[in-house]
Amino acid sequence: MSDVRRTKLLIIGSGPAGYTAAVYGARAMLEPVLVEGLQPGGQLTITTDVENWPGETAIMGPELMAKLRAQAEHVGAHIISDIVAEVDFSRRPFRAVLDGGEVIEAETVIVATGASARWLGLDSETRLRGKGVSACATCDGFFFRGKQVAVVGGGNTAVEEALFLTNFASKVTLIHRRDELRADKTNQQRLFANPKVEMVWNATVSEVTGTDGVSGLVLTDTVTGEARPLAVDGLFVAIGHEPATGLFAGKLAMDEEGYLLVAPGTPVTSVPGVFAAGDVTDKLYRQAVTAAGMGCMAALEAERFLAHQAHAPQQQAA
Ligand code: FAD
Ligand code: NAP
């Protein structure tokens, strides 16, 4: 028979959103239980320098996440090294079954399972990730001051990343596999008006070249099949993100891309008592500090929800 653990607050995920929710939840005496998942510490554990976390001029991603984890534990959060394999939000207390078989019953839940960038799937791209290949211009653009970079993708993200990169790079080449962008017309106008931007239409990236850093790309023309080199110092992949929400399909309302829907400006999901924070519900900002802010909001809402339940008049049995 499996063990059953009971908690006022279950947090699913150990990125900036999850750990911050744990700090606030613990300090509100909710004795939170946090299940850290397959990537303890979340996305920042796969990056090097983080230069936009308040209070830290520069800190390595894994070190920052170790500090957040230590803070969450220090204030009393209980961290479990496992994965949530199944949830039942159709009754209260909510139930979560972990991969290892443990069952958690929770009065409130914060979902902070994050999202991950879609990659092109090239070996050379994987090898040079963090060494010139990135999926976050806001995070890494600063490292390409005065250099030449390429962005791949044709949606709003690719266009906005390309425009953002013109603040640092000497030249930005946007590579798109078709002859028409998917991005909004306003974004397109801004892009085409920027003298630092050059378009490469009908092309895919078939290889990223370089040993310790990016020295160039091999592009393949999608119409003629011809290959040609492009010299760049960095590649930004902007072909979309995937929120980690498979677990919640049919249980929490999502948009067509799988991001959890929340009431505007709040972490309140379609199920009362279940809250969402961080990249799992945010396709716009996708930053550590915004995820952390949402984690704080979610914990405050969980506390408010429980207080409201405690003061609500008892329902009469029929
Ligand atoms: P994540 O960090 O994605 O964490 C999600 C967590 O959920 C993980 O711990 C995972 O294990 C857990 N999880 C998923 N499924 C389950 C499950 N079933 N059960 C239990 N747990 C589960 N942002 C910045 O502000 N500055 C930067 O410099 C910066 N650099 C970046 C560099 C890279 C390479 C990348 C990929 C991202 C970068 N970002 C940066 C973005 C930032 O990392 C994210 O915005 C932030 O981590 C989102 O936090 P989160 O808590 O929402 O989710
Ligand atoms: P997106 O709209 O899905 O666009 C992804 C782009 O990447 C598409 O142009 C697609 O090409 C291309 N692509 C996909 N797979 C590829 C591959 N393997 N190789 C090469 N190219 C590939 O994703 P997004 O730009 O991240 O935007 C996601 C959502 O957020 C959208 O709804 C977007 O409008 C929204 N968003 C809005 C704003 C804003 O309003 N300011 C900003 C950012 C994002 P095809 O076009 O050929 O399919």
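Partly exposed is the class between buried, under 20% relative accessible area, and exposed, over 50% (1.4 Å probe, protein chains only). This is a predicted model, in which local features need pLDDT of at least 70 and side-chain atom pairs count only at pLDDT 80 or more, whereas totals for chains, interfaces and linings use all residues. Residues are numbered from 1 along each chain as its sequence is written, and side-chain values use heavy atoms, with hydrogens and water left out.

**View 1. Lys283 and Glu257 form a salt bridge.** The closest N and O atoms of this pair are 2.9 Å apart, a salt bridge being a side-chain nitrogen of Lys or Arg within 4 Å of a carboxyl oxygen of Asp or Glu. Glu257 counts as partly exposed because its relative accessibility is 45%, and Lys283, with a relative accessible area of 34%, is also partly exposed.

**View 2. The side chains of Arg118 and Glu242 meet in a salt bridge.** The N to O distance is 2.8 Å, and the two residues, 124 apart, link distant parts of the chain. Arg118, at 37% relative accessibility, counts as partly exposed, as does Glu242 at 43%.

**View 3. Asp88 forms a salt bridge with Arg91.** Here the closest N and O atoms are 3.8 Å apart; Asp88 is partly exposed at 27% relative accessibility, and Arg91 is partly exposed with a relative accessible area of 38%.

**View 4. Glu125 is buried yet has no salt bridge.** A polar atom of the Glu125 side chain lies 2.8 Å from the backbone nitrogen of Gly121.

Conventions
Chains are lettered from A and ligands numbered from 1 in the order in which they are written. Lys and Arg count as positive and Asp and Glu as negative; His and the chain ends are not counted. A polar contact is a pair of N or O atoms within 3.5 Å; within protein, one must be able to donate a hydrogen and the other to accept it, and residues adjacent in sequence count only if both atoms are side-chain atoms. Helices (H or I, at least four residues) and strands (E, at least two) are DSSP runs, numbered from the N terminus.
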